[in-house]
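Subject: The two-chain model, with notes

Hi there,

Here is the structure I promised to pass on.

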Amino acid sequence: MNLALKIVRRTLVAVWLTALLAPAHSDELEDTLQFGNLAAKRGLWSEAAFRWKRVLQLDPNNGRALNNLAVAYEREGKFEEARRYYEAALKASGAPEVRDNFEKFRQFIQQRVAKSTPQTQTQTQTQTQGPP
Amino acid sequence: MIARISSVVLGLVLLTGAAAAGSFTVTIETQVKTKIEMEQYKDILVGNFLAGMLGDQEDEEAARAAAKSQPADAEQSGGKPAKAKPERSSKQFYGSLDFANETRQYLLEELRANTALNVVDSDPPELPAGGGEEVFEDTQFWSEAAANYQDPLILTGRTRVASKDVSGFVQEQVRDRYNTGRELTVTRFRKRYSYTIQLDLYFIDGRSGDQVYSEQLQNEITRSELDDLSPLSVFYSMMDEIMPQITSIVSPPTVVLERYLLE
């Protein structure tokens, strides 16, 4: 019983210490990240990118900010930057959404951007209509 | 010790919570680079096109080869032609439709409607009479021709079309005649035609007369004979499908993508 009380008391102390010793910027980081997300939801992508960059100043390996910034760069057509940030996000976060984003990004680049080099191309498409 | 373990556990719980934070999908619109660097061009001149039937070159070669061996073949086959005439040739279907002019008019209207380029509104230079594809590599011809049009980007090329009978037996799913809701697979004969267009596009720099980009686009559609199509409607159907690819050569296409943002 005595031991149980000790454990509870020490756990509480641990919680208090963790809260106290947690980095002072964690709240700011979280708020900034969410502010960026809100801005992106409203179509304010420059503002969103600015916020996510701020998150990365506080925590350079923040997988969420790295992923979100990669999306912002992809939207801007800055595909090299997008790739760099997706790759960093993959290292920093194992979230399936990041893998999914990166896979779609790679496919998109292969299909569309790779074709943009000026040279002779041949493309064919086939379409059928009416009874098979 | 217990405090340390507890703090580690709590830290892990907090980290897991952060990692498991949600995500939401956003739709982004991004622009892909044009296939030609367009900074230097504001004007585009849609030049004249060459036109013909797909397979004409092969047919001509086959005809020449047949002409050479005709005496021997004629003796062997008793004077009868070696090749059976197709039921409806491409030439019979397309008749006298002026594909060269139709292609040019179509491209003029579409480029004017779907790009920010200034489409030059004057008659293009006449292609040399009887000339072949070598004209598209004649830098002197194009640079001289373009001098009258403020050195625009020139789009020219060759259009070839074909149609062929692809009728045959096909399997179809039908409801049974007693209307029991069952689906049956039946084999039926269907009369169908396949139509093909092949566009060889050449983009030429008006200043130098050099080709800056070329691309071959091909499209094939299949229609039932019940559709009762005119050659012009077939041409427009095929062009409508490949036009976005042509536009994307000179005007950055906007692509809509879906991505996850992490919360």
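A word on terms before the tour: helices (H or I, at least four residues) and strands (E, at least two) are DSSP runs, numbered from the N terminus. Please keep in mind that this is a predicted model, in which local features need pLDDT of at least 70 and side-chain atom pairs count only at pLDDT 80 or more, while totals for chains, interfaces and linings use all residues. Residues are numbered from 1 along each chain as its sequence is written, and chains are lettered from A and ligands numbered from 1 in the order in which they are written.

**The two chains**

Chain A contains six helices and one strand, and its elements follow the order α-α-α-α-α-α-β from the N terminus. Chain B has six helices and nine strands.

For burial, I call a residue buried if 20 or more other C-beta atoms lie within 10 Å of its own, exposed if 12 or fewer, and partly exposed in between, with C-beta atoms placed from the backbone. On that basis, 27% of the 132 residues in chain A are buried. In chain B, 25% of the 263 residues count as buried.

Contacts are pairs of residues whose C-beta atoms, placed from the backbone, lie within 7 Å. Taking contacts between residues at least 6 apart in sequence, 36% of those in chain A join residues at least 24 apart; for chain B the figure is 78%.

**A helix pair in chain A**

Helix H3 (residues 45–58) and helix H4 (residues 63–76) of chain A pack at an angle of about 145 degrees, and their axes are 9 Å apart. Here the axes are lines fitted to C-alpha atoms, for helices over the stretch in contact, and angles run from 0 to 180 degrees between N-to-C directions. From H3(A), the residues that meet H4(A) include A:Trp45, A:Trp52 and A:Leu56, and among their partners in H4(A) are A:Leu66, A:Leu69 and A:Arg75. The residues of this contact divide into 10 nonpolar, one polar and two charged. In that count, Ala, Val, Leu, Ile, Met, Phe, Trp, Tyr, Cys and Pro are nonpolar, Asp, Glu, Lys and Arg are charged, and the others, Gly among them, are polar.

**The nonpolar cores**

In soluble globular proteins, nonpolar side chains tend to be buried together. A nonpolar core, as I use the term, is a set of buried Ala, Val, Leu, Ile, Met, Phe, Trp, Tyr and Cys residues joined through C-beta atoms within 7 Å.

Which residues touch the most other members of the largest nonpolar core? Of its 35 residues, they are B:Ile44, B:Ile154, B:Leu155, B:Leu201, B:Phe203 and B:Met238. Elements that give two or more residues to this core include strand E2 (43–53), strand E4 (153–165), strand E7 (192–205) and helix H6 (231–250) of chain B. E7(B) gives the most, with eight residues. Apart from this core lies another, of 25 residues, among them A:Ala49, A:Leu66, A:Val98 and B:Leu261.

**B:Gly47**

B:Gly47 is in strand E2 of chain B and is buried, with 25 other C-beta atoms within 10 Å. Not counting residues up to four places away in sequence, B:Gly47 touches B:Pro124, B:Pro125, B:Ile154, B:Leu155 and B:Thr156. The C-alpha atoms of B:Gly47 and B:Thr156 are separated by 4.8 Å, although the two are 109 residues apart along the chain.

Strand E5 (residues 168–175) of chain B runs antiparallel to E6(B), and eight bridges join them; strands pair if DSSP finds at least two bridges between them. B:Phe169 stands opposite B:Phe189 in E6(B). Why does E5(B) lie largely in the open? Of its eight residues, the number buried is zero.

The loop between H5 and E4 of chain B holds B:Gln150 and B:Asp151. Neither is a glycine, yet B:Gln150 has a positive phi of about 60 degrees and B:Asp151 has a positive phi of about 45 degrees. B:Gln150 counts as exposed, with 12 C-beta neighbours inside 10 Å, whereas B:Asp151, with 18, counts as partly exposed.

Happy browsing!

Notes:
Two residues are in contact if their C-beta atoms, placed from the backbone, lie within 7 Å.
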